[in-house]
Amino acid sequence: MSPVLKFFLIVPAMTLSACSTSTPIRTVPKVDLERFMGDWYVVANIPTFIEREAHNAVESYELVNDRQVATTFRFNQGSFAGPVKTYRPTGYVSDDPSNAIWGMQFIWPVKADYRVIYLNQDYTQTVIGRNRRDYLWIMARTPTIPAADYAAIIDLVTDQGYNAEKIRPVPQRETASGVE
């Protein structure tokens, strides 16, 4: 099956899975959207099919207006020297006043569940989750985080119902092809 066809099949499935009846995942109480904008290195994740062989994964956010976020997700496919893949979904902030719940739209009209479930005080580490607990992204403003911070995050997401065995580190190395 072609990657494009897989993409168009999985996004609706991700959206339908957001309708799960499980206990909603706990989000952070407040996200300052302006501070949240910028580049985030994907340090670890429970990957979607497009991310399974990602290296140098970086998610970048730019506030378009008070409820809309232009997003660029780029990575090297398969290795540090692999071809650069770029996706440009749009985030729609749907939870006011917390700004912690978004719909992430890869194709119209489908919006996938996107929730900020951890954000440290200095906005240098965050975790994005979903109510289904099927995907997860641990991100930081730098390509790596201290082992103690990573362990604390794993404890946090496990307490939220995630299976820690599914979380995989994302290889990161700053290069011209992967990070600008």
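How many residues does the hairpin use to join β2 to β3? The hairpin passes through two residues, and the views below start from the whole chain and then come back to this spot.

**View 1. The whole chain of this predicted model.** Three helices and ten strands make up the secondary structure; these are DSSP runs, with helices being H or I of at least four residues and strands being E of at least two, numbered from the N terminus. Of the 180 residues, 49% count as buried, meaning under 20% relative accessible area with a 1.4 Å probe, protein chains only.

**View 2. Strands β1, β2 and β3.** Here β1 (residues 38-46) pairs with β2 (residues 54-65) in the antiparallel sense over four bridges; strands pair if DSSP finds at least two bridges between them. Look for Y41, whose bridge partner in β2 is V58. Nine bridges join β2 to β3 (residues 68-77), again antiparallel, with H55 opposite N76 in β3.

**View 3. The largest nonpolar core.** It has 26 residues, and F36, Y61, W102, Y114 and V116 have the most contacts inside it. Such a core is a set of buried Ala, Val, Leu, Ile, Met, Phe, Trp, Tyr and Cys residues joined through side-chain atoms within 4.5 Å. Apart from it lies another core, of 15 residues, including A44 and I138.

**View 4. The surroundings of V116.** Leaving out residues up to four places away in sequence, V116 touches T27, V28, V31, F36, A100, T126, V127 and I128; contact means heavy atoms within 4.5 Å.

Residues are numbered from 1 along each chain as its sequence is written, and side-chain values use heavy atoms, without hydrogens or water. In this predicted model, local features need pLDDT of at least 70 and side-chain atom pairs count only at pLDDT 80 or more, while totals for chains, interfaces and linings use all residues.

Conventions
Buried < 20%, exposed > 50% of the residue type's maximum accessible area, 1.4 Å probe, protein only.
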